[in-house]
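I opened my notebook for a new structure today.

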Amino acid sequence: SKSSEEIKQQNSELSEKVHSLVSKNSAMKLDMEDLHKKLEMAELMIQQFSNQAGSLDANQQLQMVLEEKASLETQVAQLSESLHQLQAERDQYVEKLKEERSIWQQRVQQLSEQVHTMAEEKEKHMAQIQELEANVTEL
């Protein structure tokens, strides 16, 4: 039962980690969507500025927008990589939980078989006791 409690505790901890990773995964997806929207806005601004006359302010703004676009693309790439890592970790935890579940099912099956065997042995012993009591009474 000690190992049972320990494994239950481990399962609980792993489940919490999986839930945490799923939450992080969802948050990162929202961040990625937000960054994609910002990137689209930056691209629209680039198109607008590139269509305007070549004034100095427009060129400076265009340069700033291009820099922001590059920064956003870098952030999107980083978030994508983090998302993939979180998904891989989540998959590992899920796999570990499945393995532990299988182990516990096997253990429960073994214990069930032991209980059944012990019950049969108890019945045999009870029959032997009754037989012996009958023999003692007869003697």
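I started with leucine 21, which touches Leu86, Glu89, Arg90 and Tyr93, leaving out residues up to four places away in sequence; contact here means heavy atoms within 4.5 Å. A caution for my notes: this is a predicted model, where local features need pLDDT of at least 70, side-chain atom pairs count only at pLDDT 80 or more, and totals for chains, interfaces and linings use all residues. Residues are numbered from 1 along each chain as its sequence is written, and side-chain values use heavy atoms, with hydrogens and water left out.

**Cores.** Next I looked up the largest nonpolar core and found ten residues, among them Leu21, Met28, Leu35, Leu79 and Leu86. Such a core is a set of buried Ala, Val, Leu, Ile, Met, Phe, Trp, Tyr and Cys residues joined through side-chain atoms within 4.5 Å. Buried means under 20% relative accessible area, exposed over 50%, and partly exposed in between (1.4 Å probe, protein chains only). Helix 1 (2–51) and helix 2 (56–138) each give this core at least two residues; helices are DSSP runs of H or I, at least four residues, numbered from the N terminus. I also noted a second, separate core of five residues, including Phe49 and Val65.

**Domains.** Which domains does the assignment give? I read domain 1 (1–53) and domain 2 (66–138), with bounds that come from an automatic or database domain assignment. Together they bury about 2100 Å², 80% of it on carbon and sulfur atoms; buried area is the accessible area (1.4 Å probe) that two parts lose on being put together, summed over both. On the domain 1 side, Leu21, Met28 and Leu35 lose the most area to domain 2, together 27% of what that side buries.

**Salt bridges.** How many salt bridges are in the whole structure? I found four, each a side-chain nitrogen of Lys or Arg within 4 Å of a carboxyl oxygen of Asp or Glu. Lysine 69 pairs with glutamate 43 (3.8 Å, N to O) and also with glutamate 73, at 3.9 Å between the closest N and O atoms. Glutamate 73 and lysine 69 are four residues apart in helix 2, so about one helical turn separates them.
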